[in-house]
Amino acid sequence: MCRSGSKKSKSKSNSKVAPQTPEPESEPAAPTSAPVTKPSRPVIPPLAMPTRTAWVEPLPPSRPVIPLLVLPPRTLPLPQQFPASRPGPIATCPYATQPTSPPVAVEEAEPVLADVPPPIETPPPKPVEQARLKVKVSIQGDPTHVFASQVTSSLAGSKPTDTNTGIADFGVVAVGKHNITVVVQGKDAEKFAPPRGAVEVTLKDGDDETVPVVLAPITGDLEVTVKGADNKLLGKVGVKVTGTTPGDTPSADGTGISEFLDRKEGPYKIALTLPKSVSDDYAVPPKIDDAQVVVGQKNQAVVILPLRPAPKIVVADPKIIIVKQDYHGKDKPGVKPHRIPVILSAAADYDGEGKFTYPADTVKIYDKKDGTVALPSPFIVKKDELGGRTVYMEAIKNSSGMEATDLKLELEKGTISPKPEVTEKITCVKLKVEIYKSRPAAGGDPVKLADGPKVDPGRPILEQGPDGDHFFAERAMLVLKQAEPASFTGKLALEPISGGVEMFTSLQEKPEKGQTAIDATTLVFANADIDAAKGKTFWVQGKSVSAKMSDTGWVVGVEGVMDDGKTAEGDRATMTVLKAELVLHKSRAVIPADGEPAAFTAAAKLTEARYLHKQDGAKQHGRGMITIKKVKPDGFEGKLFLNCWTVKYAPAYSETKVSASYGLKIFKEEIASGATQAEQAFDADIDHPLTFAVDGMKLWVQGETVSTELRDVQIRLGVRDVDKGCDRDNFTVVRFKKLKADIPSTPANIVRATITGGGSNSPVARHEFKIADAGPADKDCNEKFATNEPLVLVENCIPDDDRINLTVEVEPAGKSIPVRWSVQRFSHVADAQGDPDAIINLTGNSNDPGLVADTGDPLKATLRANAAGSFHIRPYIDCNGDNKYNHNDDTGKRIDREPFLIMNVQLIRVQGVSNLTTTNNTAGTNGTEKTAQDLGGAFGVLQVPTRISTGDFASTGNDAVHMRNIARVIGGGPDGKRGLNKLFSGWANNIQNCATSPTGAGLDITHVFSEATTPPTLHTTVCYFEVNTVKISAPVLDSGAYGPGGTEGTGGNTATSTTGSNDCPCTKTDHASGIGQQWEVTNVDSPGFGINGFHPTIPNAMLSRFRFNINFRCDFIFWTNLQGASDNTDSPACRLYSSVSTNYWDVRFEATYNNRFVETVVDGPRVVPTLDGNETRLAAPVKGGGLETRLPDSLDTLKTHMPWP
Amino acid sequence: MIRYDPNVNADLLRSTHILLLTVVSSQTGPWVKVSNRTQERRVDAVFQFDRLYKGEILEPTGSLVSITVSQFAPAGPFITGVPGPWSPVEIVPGARLVVFSISGIRELQAVLSGPQPQRVESAESAVPDVDLALLAGTPELSLPRLLAESADRKQSYGPLFAAYISARLPELFARIEDFDAFMRQIENPALSGVARRIVFPDLYSRMIMLGAKPPWIARLMEGTFRIIALPDTGDLGRNLIGTYLPRLLGVKGGANLQRADEIFAGKPGLRDSAQRPLEAFGAVEVLQWLRS
């Protein structure tokens, strides 16, 4: 404790504080920092605590007694620093830590010792009686204190007090009433005062009285304790009190007390001067209550220094804010900006406010983390918020460097001097990730997506295929840019938004087998390691289809900077993993009502591919269906496109984008037609709105250019700016040509020379019927028989051992294209010109005319032609695996036909109806005709037989045989007459071997001559057929009569008729049923021969026997000729005959003659018919039936009158 | 004018031109063997165009035309039919010929040359038939009426007219009365044998082809039985009864089988009278049918 009354102490105190705050001598010192002009609280006087109330006498009535402060019972707790036993009043101030009760009002009192009256002079008393008087002068509470004083007794005079005992010994004095007064001398006179008025003592005689006179102190001590609001006792604080007895002394270290002793009573103002060590943390209270000095008291005042409020900014580590991007805080993608809490406070009570300043161009602050209204700058933290005001700070711009963004908080406008402003340094980090569009088709670098689209909707990407054979989806280039500020020392972390995407290195743009995606957890890169200009490049691959749009992608954050438990997102490349499917369909196998054509599997559509036939000018070929499926996931809106590529798989894979002269065309229509049909151009946008059809967009692909290799043309489905072609469909454009029917001809029944000196009659040239021989013309794929003229043949004209050979060529050649063969009836269901049911359901008919594909060579087949009606023979490529050519639906509507070429075949049913062949026995000469000849000599005129005829060939009904047959002929079409104009018929006549023939073969036209010898010598002449000097056996063709030798039996009607014309009369009537016709074909024959009455070389040998026996066979035959010529005009199939009826007719005549030519008929004349036993049979191949249709003709080889043997 | 009908075999109808010519002069070449079976000769002749029966010819009648034609004949003793329309006729001065030609040209030379002539007959045999056909006139008389009109010439019906009749047979199957009238004419014993041999078989054949109804069949049978009873019909009866009739009735062949009770409905006499000829010609199947 320091006593202010000590000069030493005083000087010491002054030496410490004077330089800063000179203390005026007479004026109270002003507070060092904030002088208080108005008391804010009533002054509480210091307590007066009399030690002995008894001596306190009432003041004389003229001088009202001013009572000392009377304190109520102590109800106020003392400050803890003070022991409870410590007496004395406690001055309080507004900054007392525990002011709990209002102060007690007290009356203002006049100072008791303000004016000490002078001592009253009184005359000495008369000694009357004696007594002993001593006056003991002491001070209250300190009887040991000895004063130098002068005591006066009104009866005994004055006496000084002993300096050792403080007693003034008057000795013996008069008795009586002594008025005793005391005058304090020396310095004590400034501290103490005698009681007011004299002290009356009445001495009686003999008294020995020591009268105590207690001096009352006239000063008090003042102890000012300086402590902080934190109860810290503060030393070195200059404390200056001003009042009656001013003082100035610093507070003591350790106690914080400044002691001012012997202060006169009264109020004292306290002013503090804080040394820096204190003022750093504490402030002088804005008002310090006056201290009240009560005399005789040790007055205490406590000045509590409020802690000096310190502004405080609390920002949690790492003190990084990720700079807000434009997309942050928007509904899409629904990412909140990174905001960090900043807690602003004052570290002590402060009645002012805080001013928070920050670079408004870099950061913004908000009331709440998700607040939408930025708070103003500077931001004022109100007084009552200074306990801790949290604002949320977001960055709108990167800091210029690490910790280069300063946040400041200062306190102001308070009554207390706050601590200086504080600054917090943060770093605003701007992150950037770039995503790029698909690399331009023309090449060059990918184009970066703008920031807006980058985030919404983001960069779609295609789902990668399941295996290395289907790694078609492009990867998207993603670049992680170096964060700003470039000096940022943290690490950037790339994270996938979902597992739907995966990342590959910068060298793995092109997906290949064996590549492994980067482990996403390793995508952390020191910012310093990222190239400032180029960033860090990756390639993103779609791994699995997004569940919804924009649900994946990549975000970049700073390692360790978290927000709501995850890495704060600094930028993003929104992505959607799309699934864009281009379905390749097989051809329709069923009618549309049963749904869409089946689809190829993902593998098969590449490995098998869809075959298309090069479209022709008449648009007859089928298109292949593709379906652009609705892009997944729902919500995709964009542009698709198709492009065309030429691909090659062997010996090495290669691909080339086609930009012109596409091998394919695409249409919306399934059926190509001559009408204008808009193409879906390659590389053109295809809108894919939200409303894109759920079942996709169906398109139809048409072949335009013949492939050079299998599956060498490819359509890719691209997504604009996303992928130039992910899903892919392969096609092979084929072209059929040179469909050829190698048609057999009826072979010679007997192979031999055609005529003497001629060549062989065999082999018989076959016919070829060719379709698309020079490449397919429009007509060659036309189903219409009127346009694509059919090969017309007779049903069942083909022997099983020599079928029609069908061959075809297909381009590209030599590629083992799986050509199949189809036969299809041209039915009325498909076309009005098709066969009606009446034809289809003909007895024994079928829809398969015996088409058999070659088991070894798919380009070959055979055809029996063993059904009737109209047929399409097609080589085709089975594009749906149902092993049949699919033509129309059940309603006759054309469908997506498989590649084909058509050979129309019209097979005509020919069936016998009535065999009306008859013979006449009496026609012609009805035996031999005889001519009167003058033979001279003994013979004279005789009737010599000269000829025999069996008819007249004169259309008079007078012929040996009248071949007449009615056949039903049914071609095709609604009336069954299609093809009948190419059908021809006639009677083919053969001379058969006759059993009576002397030669054993051929006919029997035999003369026997009798030479008049004895016995008569017989000479026989015969007829036989001879070629090249060799007799030939029958059957021999015996046909019409026109033309030079070697003509007969060369096809068509040259094998028919026995009259002067090769054509046989034919009457045609439409059948009553309306289907087909009935043909009546007739022919007559009347063989005859000139009879020799005499031997040609032996004049005297007369005819003695004549035999005219000829066996004939006549067949009602049919053939066709595509040129419509009945003759042998070389056209299919004029050499291919069918027989519908086989009749035999034998001529018999034999007569003998005597030497006068008198005739005795042995047999005949008669013509014996043997009609076909099955006259209603169907036409059958002539081959193998014994009928000769080939030359040589009988008469061309006939040798007559040949001596025999 | 005789109408033109290319779809029949009758030369009178299918020819576009029918002309009467007279051989003014001719020069006949030698026979030249053109093959083992045929020899040919050429005849250079000048014809006078006397009359046009059918068609149009630019030149007036009386015009002369010079033509070389070929004639064919068997080259050996074997007698057979020979080609060539000119082959059957003698082309000698004064001969009158009727040429049946099919030609789209109206020049006389063209109509008579090359392949256009289909048949050449002597005027003697052809003209009567042509005249009969002309008798039909325009519009054409019905066949029964034509035959009735020419009844006095029945005996001279030649093969041309017989073929003409046959070609017109289909018009008889609409009204039975017409057919009956027709039958009355051709069953007349006075009908020439040629016509009978041609027309009756053709009747059967046409009726088979056209699916004649029972009344027509009955009427034909009735006429058949009448003519086969005539003398000198040769094998006609055998052929009609043995071959044609069974097929008409459907007893043989592929024609629809007729029911005897329908055929003879209302004609019990016919049924009875059919017995004898059927038995006579051994038409066993028909007899069985008759009795069925």
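Which residues of α8(B) are buried? Keep that one in mind as you work through these exercises on a predicted model.

**Exercise 1. Take a look at helix α8 of chain B and list its buried residues.**

Step 1: Find the helix. It covers residues 214-227 of chain B, 14 residues in total. From first C-alpha to last, α8(B) reaches 20 Å, close to the 20 Å expected at 1.5 Å a residue.

Step 2: Pick a cut-off. A residue is called buried if 20 or more other C-beta atoms lie within 10 Å of its own.

Step 3: Go along the helix. The buried residues are Trp216(B), Ile217(B), Ala218(B), Arg219(B), Leu220(B), Met221(B), Gly223(B), Thr224(B), Phe225(B) and Ile227(B). With ten of 14 residues buried, α8(B) is mostly covered.

Step 4: Ask what does the covering. The buried residues of α8(B) pack against α6 (176-186), α7, α9, α10 (260-263) and α11 (268-280), which belong to chain B too.

**Exercise 2. Describe the side of chain B that touches chain A, starting with how many residues each chain puts into the contact.**

Step 1: Count both sides. Chain B brings 37 residues and chain A brings 48.

Step 2: Name the elements on the chain B side. Those giving two or more residues are β5 (78-79), α5 (159-167), α7 (193-210) and α9 (236-248). The top giver is α7(B), with eight residues.

Step 3: Sort that side by class. You get 16 nonpolar, 17 polar and four charged residues.

Step 4: Check for strand pairing across the two chains. Strand β66 (residues 1088-1090) of chain A runs antiparallel to β5(B), and two bridges join them. Within this pair, Gly1088(A) has Ile79(B) as its bridge partner.

**Exercise 3. Work out the strand order of an open four-stranded sheet in chain A.**

Step 1: Read across the sheet. The order is β26-β28-β32-β30, with antiparallel pairing.

Step 2: Spot the edges. β26 (433-435) and β30 (501-504) each pair on one side only, which is what you'd look for in an edge strand.

Step 3: Zoom in on one pair. β28 (residues 476-480) and β32 (residues 536-542) of chain A pair over five bridges. Leu478(A), for instance, has Phe538(A) in β32(A) as its bridge partner.

Step 4: Check the twist. From one strand to the next, the average is 30°.

**Exercise 4. Sum up chain A as a whole: how many helices and strands are there?**

Step 1: Count the elements. Chain A has seven helices and 71 strands.

Step 2: Look at burial. Of its 1205 residues, 52% are buried.

Step 3: Look at contacts. Among those between residues at least 6 apart in sequence, 75% join residues at least 24 apart.

Conventions: Residues are numbered from 1 along each chain as its sequence is written. Chains are lettered from A and ligands numbered from 1 in the order in which they are written. This is a predicted model: local features need pLDDT of at least 70, side-chain atom pairs count only at pLDDT 80 or more; totals for chains, interfaces and linings use all residues. Two residues are in contact if their C-beta atoms, placed from the backbone, lie within 7 Å. Ala, Val, Leu, Ile, Met, Phe, Trp, Tyr, Cys and Pro count as nonpolar, Asp, Glu, Lys and Arg as charged, and the others, Gly among them, as polar. Two strands pair if DSSP finds at least two bridges between them. Axes are lines fitted to C-alpha atoms, for helices over the stretch in contact, and angles run from 0 to 180 degrees between N-to-C directions. The expected span of a helix is 1.5 Å times one less than its number of residues. A residue is buried if 20 or more other C-beta atoms lie within 10 Å of its own, exposed if 12 or fewer, and partly exposed in between; C-beta atoms are placed from the backbone.
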